[in-house]
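Subject: Structure handover and findings

Dear colleague,

Please find below the structure that I am handing over to you. I would be grateful if you could read it alongside the notes that come after it.

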Amino acid sequence: MAQSWGSFFYSLLDYKTEKFMIAKNKKVGVIFRLFQLGVIGYLIGWVFLWKKGYQEREEAIQSSVFTKLKGVAFTNSTDLGIQVWGAEDYVIPSQGDRVFFIVTNYLETPNQRLGFCAESQKVPDGLCSSSADCVEGETVTAGHGVKTGRCMNETGTCEIHGWCPVEHSHTPSEPLLGKSENFTIYIKNFIRFPKFDFSKSNVLSTTNKTYLKTCYYNKDHHPYCPIFRIGDVVHWTGHNFQEMAVKGGSIGVVINWSCDLDKDYSKCNPEYSFTRLDASKDSTNSVTSGYNFRFARYYRDADERTYRSLYKVYGIRFDIMVNGQAGKFNIIPTVVNIGSGLALMGAGVFICDMILLYMMSTSSFYRERKFEPIGRNRERRPKDMKHGRHNRHTQDGHHRKEDKSAAEEQPLTPVSSPSAHSPVRQPVAVDSSLKPHSLETREQPTVKLHRSPERKAMSPVWSSTTPRSPLK
């Protein structure tokens, strides 16, 4: 166990380096090239052209919005008679802000005075069958006053102390200010991107003083006019103004600034979008749709007694939202995105390696060629044999010299002297130990070694050296 742990920690000191191998496999090659083309297309098309990854971005936009409404409405009802409505009457609040309300319909309960009267029959907590159901001093939940302890048999409700008579609670079927769709909204927006010290307004820079008095916003004809008809705004949300004006609603006006500061100053312009926030297109008749609230106007009569007119108003609430971002060329995001693309190229190499080494029928063959352990005491590869030829030649010469010296020291077997006319010399008998040492050649499947003719001629067995005669 200790030895295995020692081997493990010792293996941590091994160094691994890459070995490049060209695999003649067309399928893997096609996959790798397609992956590279996909990464290049993603980097150029999506990152740089679509997302502008070469730019430094800022989304912390600073903005200010001013609004101004204009228009006059005329109403004539049986209860209230003839009335003329101006912007100071139907716009709440009147000073102009990014959130404002326009009255399109209303219910008025005039001449309310403090006194005693019966609670409305539409208030569940105000219903009663006897005076025991009306606890004196208890407020009516979602009602209009405080219970006096008396049950009104005529109405079946508790008597209350409050502003009487109580509010009329019927819902109108038509908007009293239906002509308000022709009212206009002037939206003035100033924005600034502090990182680039860039600021601009949505109002068109022009010297024509009558331009803002005659133009209306139109996406095609007047995209830079900041004056909007209320009827057009509701229409752009996909709803009908006359239907929406009965119960009211909420509309969001989004001003989006998307500026490429590498281009000209005039190319940075706002884009407007409009949506209904209180209900979807298919749920306009839901009990949750619509928008209304109440307010009162107080007066004094000749006897200095206070009375009031209670208004329940329906209308359209406008929420103006400003979003934006700006971009400008910077070398840092450019280099970062290029580096990310190169890293994705490495992912392609990893995927193709996994396919080649583990998912193919010839994976074992490729693994043997790719992973090779190398150490000081391991066999030399065929490539190393080529570089060691000079050493083998040197060793062969050294062996031949040793064999020659040994042959000279051995006594010679006496033989008959050859004829003086014989041109052939007899070979010298030598002991078997005098045979030259043979080189140990390792079996190499890919490298074949060939001896040169000169090395054969230098064999000590067939040497032409004249042997020495023995001493007498």
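The notes below set out what was found, beginning with the basis of the values.

This is a predicted model, in which local features need pLDDT of at least 70 and side-chain atom pairs count only at pLDDT 80 or more, while totals for chains, interfaces and linings use all residues. Residues are numbered from 1 along each chain as its sequence is written, and side-chain values use heavy atoms, with hydrogens and water left out.

Confidence and overall make-up

The mean pLDDT (the predictor's confidence in each residue, from 0 to 100) is 79 for the protein, and 76% of the residues score at least 70. Strand E8 (residues 157-164) has the highest confidence, with a mean of 95, and helix H11 (residues 453-457) has the lowest, with a mean of 42. Over residues 382-472 the pLDDT stays under 50, and for this stretch the model has 37 contacts beyond four places in sequence; a contact means heavy atoms within 4.5 Å. Where pLDDT is low, the predicted coordinates should not be read in detail.

The secondary structure comprises eleven helices and 15 strands. Helices (H or I, at least four residues) and strands (E, at least two) are DSSP runs, numbered from the N terminus. Of the 472 residues in the protein, 32% are buried; buried means under 20% relative accessible area, exposed over 50%, and partly exposed in between, with a 1.4 Å probe and protein chains only. Among contacts with a separation of 6 or more, 69% are between residues 24 or more positions apart.

Strand E8 and its partners

Seven of the eight residues of E8 are buried. E8 runs antiparallel to strand E6, to which six bridges join it; two strands pair if DSSP finds at least two bridges between them. In this pairing, Leu-114 has Trp-163 of E8 as its bridge partner. Strand E7 (residues 145-152) is also antiparallel to E8, with five bridges joining the two. Gly-145 stands opposite Gly-162 in E8. E7 and E8 form a hairpin with four residues between them, and Gly-156 in the turn has a positive phi of about 75°.

The loop between E8 and E9 contains Ser-180. Is Ser-180 buried or exposed? Ser-180 counts as buried because its relative accessibility is 1%. Beyond its neighbours within four places in sequence, Ser-180 is in contact with Val-103, Thr-104, Ile-230 and Phe-241. The C-alpha atoms of Ser-180 and Tyr-90 are 9.4 Å apart, and the two residues are separated by 90 residues in sequence.

Salt bridges

Eleven salt bridges are present in the structure, each defined as a side-chain nitrogen of Lys or Arg within 4 Å of a carboxyl oxygen of Asp or Glu. Three of them are described here.

Asp-301 and Arg-113 form a salt bridge at 3.0 Å, N to O. This pair links distant parts of the chain, 188 residues apart: Asp-301 lies in the loop between strand E14 (292-300) and strand E15 (306-329), and Arg-113 lies in strand E6 (residues 99-118). Asp-301 is buried, at 18% relative accessibility, whereas Arg-113 is partly exposed, at 25%.

In the salt bridge of Arg-294 with Glu-167, the closest N and O atoms are 2.9 Å apart. The two residues are 127 residues apart in the chain, with Arg-294 in strand E14 and Glu-167 in the loop between E8 and strand E9 (184-193). Arg-294 is partly exposed, at 45% relative accessibility, and Glu-167 is buried, at 10%.

Glu-138 and Lys-147 also meet through their side chains, at 3.0 Å, N to O. Glu-138 is partly exposed, with a relative accessible area of 35%, and Lys-147 is buried, with 4%. Together with Asp-125, these two residues are linked in a network of salt bridges.

Helices H7 and H8

The axes of helix H7 (residues 331-358) and helix H8 (residues 363-370) cross at roughly 115° and come within 6 Å. Axes are lines fitted to C-alpha atoms, for helices over the stretch in contact, and angles run from 0 to 180 degrees between N-to-C directions. From H7, Asp-353, Ile-355, Leu-356, Leu-357 and Tyr-358 meet Ser-363, Tyr-366, Arg-367 and Lys-370 of H8. The residues of this contact divide into five nonpolar, one polar and three charged. In this classification, Ala, Val, Leu, Ile, Met, Phe, Trp, Tyr, Cys and Pro count as nonpolar, Asp, Glu, Lys and Arg as charged, and the others, Gly among them, as polar.

Yours sincerely
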